[in-house]
Amino acid sequence: MKATRTLLTLLALTSSATAATYTVKPGDTLYSIAKSTGVDAAKLMQLNKLGSSTIQVGQKLSTGGAASPAPAAARPQAAPAQAGRSSVTIRAAATRFLGARYVLGATGGGALDCSGYTLNVFRQLGINLPRTAAAQWRAGSAVSRRDLRAGDLVFFNTMGRTASHVGIYMGDGMMANANSYYGKTMIEPLFGNPYWASRYDGARRVLN
């Protein structure tokens, strides 16, 4: 009898670990849940068949029964893993708003300007950016061109002043932005485009 009870207890614990879930609370984002559970944002999206990074309060997310993460000191690869999560999450959020019409001063309703686009993308990740490109230039920390990574804000002088345009670096030399010339939000080359390359001001990191 004692052996039977022990076996049932072990089975219950195994089942609980396999079916581990996380209930979304107010203020949670997919990025913050990935940090607290130790499960990559990309893995969370895959496990829960999410088409975007948008989640709802009360929603139950499967975490795949992953074991509790080890303390940071015991995981020397924590920083690269974090960068990987950031890359996947920012791409998912940025893609959500691609194709929206460019309208100066717009922040939603199917239309966005450059800083309205970055504001909406980062809001999906629980990060509130200032409204204008010039104000976003003062957010986060400066990043050198050689250290750019997906999710960094990239700024340009397009009107004779610093940071009159902003986009999001997507990795591999590409950026996402609301382009007034083409009249829509899109992904395009950054330094491979002479127009952007000659007007590049610098970058800021707001996603750690």
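Predicted model: local features only at pLDDT ≥ 70, side-chain atom pairs only at ≥ 80, totals over all residues.
Let me begin with the pocket. The largest pocket has a volume of about 460 Å³, and 25 residues line it. Nearest its centre lie Tyr102, Cys114, Thr158, Ser164 and His165. Helix H5 (114-123), helix H6 (133-136), strand S9 (174-179) and helix H7 (194-199) each give two or more residues to this lining.

I turn now to aspartate 113, which sits in the loop between strand S5 (111-112) and H5. Aspartate 113 counts as buried because its relative accessibility is 6%, under the 20% limit. Its side chain reaches two backbone nitrogens: that of glycine 105 at 2.9 Å and that of glycine 116 at 2.7 Å. Leaving aside residues up to four places away in sequence, aspartate 113 touches Tyr102, Val103, Leu104, Gly105, Ala106, Arg131 and Ala178.

That brings me to the salt bridges, of which the count is two. In one, the side chains of arginine 131 and aspartate 113 meet at 3.0 Å, N to O. This pair links distant parts of the chain, 18 residues apart, with arginine 131 in the loop between H5 and H6. Arginine 131 is partly exposed, at 29% relative accessibility.

The side chains of aspartate 152 and arginine 205 also form a salt bridge, at 2.8 Å, N to O. Here the partners are 53 residues apart: aspartate 152 lies in the loop between strand S6 (141-143) and strand S7 (153-156), and arginine 205 in strand S11 (residues 200-205). Both aspartate 152 and arginine 205 are buried.

Conventions: Residues numbered from 1 in each chain as written. Heavy atoms only, no water. 1 Å grid on protein atoms, 1.4 Å probe; cavity = no way out; pocket = protein on both sides within 12 Å on 5 of 7 lines; lining within 4 Å. Points joined across faces, edges and corners; volume = space filled by probe spheres on them. Helix = DSSP H or I, 4+ residues; strand = E, 2+ residues; numbered from the N terminus. Buried < 20%, exposed > 50% of the residue type's maximum accessible area, 1.4 Å probe, protein only. Polar contact = N/O pair within 3.5 Å; in protein donor to acceptor, adjacent residues only side chain to side chain. Contact = heavy atoms within 4.5 Å. Salt bridge = Lys/Arg side-chain N within 4 Å of Asp/Glu carboxyl O.
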